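Have the viewer open, try each task, and then check the steps.

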Amino acid sequence: MSVENKVVVITGASSGIGEATAKLLAKNGAAVVLGARREARLQEISQNIIENGGKVAYRVTDVTDPEDLKALVALAKEKFGAIDVIYNNAGIMPTSPISALKTNEWNAMIDVNLKGVLNGVAAVMPDFTSQKHGQIITTSSVAGLKSFIGSGVYGATKFAVRNLMEVIRMESAQEQTNIRTATIYPAAINTELLQHITDKNSKQGMDKLYQSVGITPDAIARVVNFAIDQPEDVNINEFTVYPTKQG
Ligand code: NDP
């Protein structure tokens, strides 16, 4: 099975990597079901996909609410008759030194970047298990592979989803449920991600890095497309994507 005619739920689809992925997969014939909190953005992106001949539905979704994820998956089945792939992509990155004790931001990152992924996994697992077919793709980060100053909690959430995804892969093989997994570890991708950093030094450092080396989110969209496009018995489960100029 290829990307064409697959039904793909995408969280964090209102900007950046999620938006680019939605547009590419729709262009290649997938039916995409978009979730995020900003309805106007979802509406605009959906309109663009429809104008280009694509299949799309959207629902305002907060990934911290398990019921929202269930409703998003239900929408996919209602509109397109199936659910083949979930792309757990929603995330926030308000980096700061631990000593700054921005505990509200710590909790928000755990809620969105970790619990949000768990809520996505829980929403598809019953269908994927019973139909013995499905794919779970998650955006981690290079901060989920190695430690960076300022990324104590952000990196913790991204390391956590790496473990989660690998265990899902292993358990799926053990249980013979044919659930494929792919975890993506992007480095600097120019999106809206830096906008929410409230720590001045972290923001300045990140802005400088991204302005000098950042690449467009299409790079990640192509990786997601590639992961989905493999034959069902092939699970390419990890992708690290750096801008060529980033050290
Ligand atoms: P953006 O800020 O452009 O996109 C983030 C998306 O997440 C938005 O669509 C936002 O939508 C959504 N989101 C945030 N909170 C919630 C929530 N509670 N419920 C539902 N959706 C939510 O940044 P990116 O595209 O860069 O980020 C996508 C993913 O990529 C994130 O997981 C990020 O950690 C990861 N990543 C990004 C890198 C980069 O350099 N850009 C590097 C490594 C990883 P809305 O506000 O409308 O809800």
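This is a predicted model: local features need pLDDT of at least 70, side-chain atom pairs count only at pLDDT 80 or more; totals for chains, interfaces and linings use all residues.

## Exercise 1: The annotated stretch

Task: Describe the make-up of residues 6-174.

Solution. Start with the secondary structure: across residues 6-174 the chain is 54% helix and 16% strand. Finally, check the record: an unreviewed UniProt entry places the feature "domain: Ketoreductase" at residues 6-174.

## Exercise 2: H1 and H7

Task: Work out how helix H1 and helix H7 are arranged, and which residues meet.

Solution. H1 covers residues 16-27 and H7 covers residues 218-229; their axes come within 8 Å and cross at roughly 50 degrees. That angle makes H1 oblique to H7. As for handedness, H1 passes H7 in a right-handed crossing. Now list the partners: Ile-17, Ala-20, Thr-21, Leu-24 and Leu-25 on the H1 side meet Asp-218, Ile-220, Ala-221, Arg-222, Val-224 and Asn-225 of H7. Sorted by class, this contact between H1 and H7 has seven nonpolar, two polar and two charged residues.

## Exercise 3: H1 and H2

Task: Are H1 and H2 roughly parallel or roughly antiparallel to each other?

Solution. First get the geometry: the axes of H1 and helix H2 (residues 39-51) come within 10 Å and cross at roughly 20 degrees. Angles under 35 degrees count as roughly parallel. H1 and H2 are therefore roughly parallel to each other. The crossing of H1 past H2 is right-handed. On the H1 side, Glu-19, Ala-22, Lys-23 and Ala-26 make the contact, and H2 brings in Ile-45, Asn-48 and Ile-49. The classes here are four nonpolar, one polar and two charged residues in the contact of H1 with H2.

## Exercise 4: H3 and H4

Solution. From H3, Pro-66, Leu-69, Lys-70 and Val-73 meet Asn-119, Gly-120, Ala-122, Ala-123 and Val-124 of H4. By class, the contact of H3 with H4 has six nonpolar, two polar and one charged residues.

## Exercise 5: Around the ligand

Task: Which element gives the most to the shell around the ligand?

Solution. Begin with the whole shell: 31 residues surround the ligand, and the closest are Gly-12, Gly-16, Arg-37, Arg-38 and Gly-91. Then sort the shell by class, which gives 13 nonpolar, 13 polar and five charged residues. Last, H1 gives the most to this shell, with three residues.

Methods:
Residues are numbered from 1 along each chain as its sequence is written. UniProt positions are given in the numbering used here, feature names are shortened, and annotations may be inferred rather than shown by experiment. Helices (H or I, at least four residues) and strands (E, at least two) are DSSP runs, numbered from the N terminus. Axes are lines fitted to C-alpha atoms, for helices over the stretch in contact, and angles run from 0 to 180 degrees between N-to-C directions. Angles under 35 degrees count as roughly parallel, over 145 as roughly antiparallel, 65 to 115 as roughly perpendicular and the rest as oblique. A crossing is left-handed if the near helix is turned anticlockwise from the far one by less than a right angle, and right-handed if clockwise. Two residues are in contact if their C-beta atoms, placed from the backbone, lie within 7 Å. Ala, Val, Leu, Ile, Met, Phe, Trp, Tyr, Cys and Pro count as nonpolar, Asp, Glu, Lys and Arg as charged, and the others, Gly among them, as polar. A residue is near a molecule or strand if its C-beta atom, placed from the backbone, lies within 6 Å of it.
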